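I opened a new structure today and kept notes as I went. The chain is shown here before the entries.

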Amino acid sequence: MGRGKRKYSCMDAGADEWSSRLGFILASIGSAVGIGNIWRFSTIVGQNGGGAYLVPYLCAVFLVGLPMMILEMQTGHRLRAQVVQAFHRARSPLRHAGWIVCILVTGIIGYYLVVTGWTLAYVVFSLSGTRELFPAFTASFAPIISFLASAAICGAVISFGVRKGIERITTFLVPAIFVILTGMVLIAVQLPGFAAGVSYFLTPDFSVLADPLIWGAAIGQVFFSLSVGYGALLTYGSYFRSGEEIPRSAAIVTAADLAVAFLAGLVIFPIVFSYGLEPAAGPELAFTTLPLAFALMPWGDVLAVVFFALLFFAAISSAISFLEVPTVTLATMARIPRRRAAALMTIVVSLVGLPAALSYSAYPLHIGGVPVLDLMDEIFGTFGLSVSGLLIAVTFSWFVGPEVIWGDISRLSLFMRIVVPLCRYVIPAALVIVIVFRVLSWFLPAG
Ligand code: TRP
């Protein structure tokens, strides 16, 4: 580590750090808990036959997701570097791989902020008592405005820095998410369809376990949900100077992420079954199906506000972690102040996300019949995430000495002695398989 000649100094833009381990954990939970837990998770569970999906999902969380999170956080902490610097430290030519990660992450933020914007718009609608249906919403230009507003909010938070910006806002948002969700579960428990919803959600069906596509989908969803694979937690780890108990911190973040996904399922499926809605409604579930149910429920207007606030809080704290990756990279590599880098990146992601925002607006931009947003989800949210995760897993477990990342190997705990080989062998192998199946699925007819 102590090489004399270092091409890039990590101290300029990244000098900021978390005030405490708790600040680091809350910010990381803020990153992990996002639309993925509430909107994407319930959609995927619904489309993959309910509880059937949970066994591969849980296996993927513990064998692939948690080890990857520990690797990312530990790498950031030990190398004290943002993504491009970290790759550069491994091997100088690998810095190009770091740039690939930055480009892919910029692509995902673009469309993630569009969905964040939808949640923001629905907070505003439900506050004003308007029952806006999704088709009417997307036939207007409101999705563009709310997308640009979300991008501006993220850029503003990030420009305040790690401690005064990201940490301050996540210490408010993350507890709020848990309070709202717990309250909603208490309401869902009283619904007539609670038992039916829960049994749909939680009854495992072991017959699907032989289907490799379900496993691939589970691994992809775990990466997305835990925020691993795009260097966000690597970046957050670099602001955690003491690095105290990273494995345990990662376990807490993972547990919190799982808890939110499960609690959200315990709210969404009972509502779906109580009001005779379609559990496999897909991405429209949160924005079309659930508002219909809220309209019928006692205190439905209040519930709608609270539910969309929950979605918005979860989304914005994740979007912030995405935007931090290219912002701090730009600030350190171009040696410009964080504020300016944040402003520039906000403009960049506004341009990158604009086609996705348009694709669900009065100007429905489609490519080959598919909305640009869905294409971007496939390219950056699914495929790019696996590629980027593979680059990170391989680089930091094969091209950096294990003692650099993990310290004295002979003194590792039993748990960590399992985690290190999982990072070296199991994660790269799993990701290669996921990528191969994904590519095949583009060329083979569906089914
Ligand atoms: N985890 C977030 C969610 O569940 C999305 C997310 C934020 C993410 N940062 C990330 C996904 C970094 C991959 C990598 O919605």
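**Ground rules.** I am working with a predicted model, in which local features need pLDDT of at least 70 and side-chain atom pairs count only at pLDDT 80 or more, while totals for chains, interfaces and linings use all residues. Residues are numbered from 1 along each chain as its sequence is written, and side-chain values use heavy atoms, with hydrogens and water left out.

**Whole chain.** I looked up the secondary structure and found 19 helices and 2 strands. Helices (H or I, at least four residues) and strands (E, at least two) are DSSP runs, numbered from the N terminus. The radius of gyration is 21 Å, close to the 22 Å from the globule rule for 447 residues, so the chain is as compact as a globular protein of that length. That radius is taken over C-alpha atoms, and the rule is 2.2 Å times the number of residues to the power 0.38. Along the principal axes, the C-alpha atoms fill a box of roughly 65 × 50 × 45 Å.

Buried means under 20% relative accessible area, exposed over 50%, and partly exposed in between (1.4 Å probe, protein chains only). Contact means heavy atoms within 4.5 Å. Among contacts between residues at least 6 apart in sequence, 83% join residues at least 24 apart.

**Helices α6 and α8.** How do the axes of α6 and α8 cross? The axes of α6 (residues 95-127) and α8 (residues 142-159) come within 7 Å and cross at roughly 110°. Axes are lines fitted to C-alpha atoms, for helices over the stretch in contact, and angles run from 0 to 180 degrees between N-to-C directions. The two helices, α6 and α8, are therefore roughly perpendicular to each other, a term for angles of 65 to 115 degrees. I listed residues that meet: Gly110, Leu113 and Trp118 are among those in α6, and Pro143, Phe147 and Cys154 are among those in α8.

**Gln74.** I found Gln74 in helix α4 (residues 54-79). Gln74 is buried, with a relative accessible area of 11%. Not counting residues up to four places away in sequence, Gln74 touches Ile246, Ile405 and Trp406.

**His88.** Is His88 buried or exposed? His88, in helix α5 (residues 83-90), is buried, with a relative accessible area of 15%. The C-alpha atoms of His88 and Gly98, 10 residues apart along the chain, are separated by 7.7 Å.

Definitions and conventions
Angles under 35 degrees count as roughly parallel, over 145 as roughly antiparallel, 65 to 115 as roughly perpendicular and the rest as oblique.
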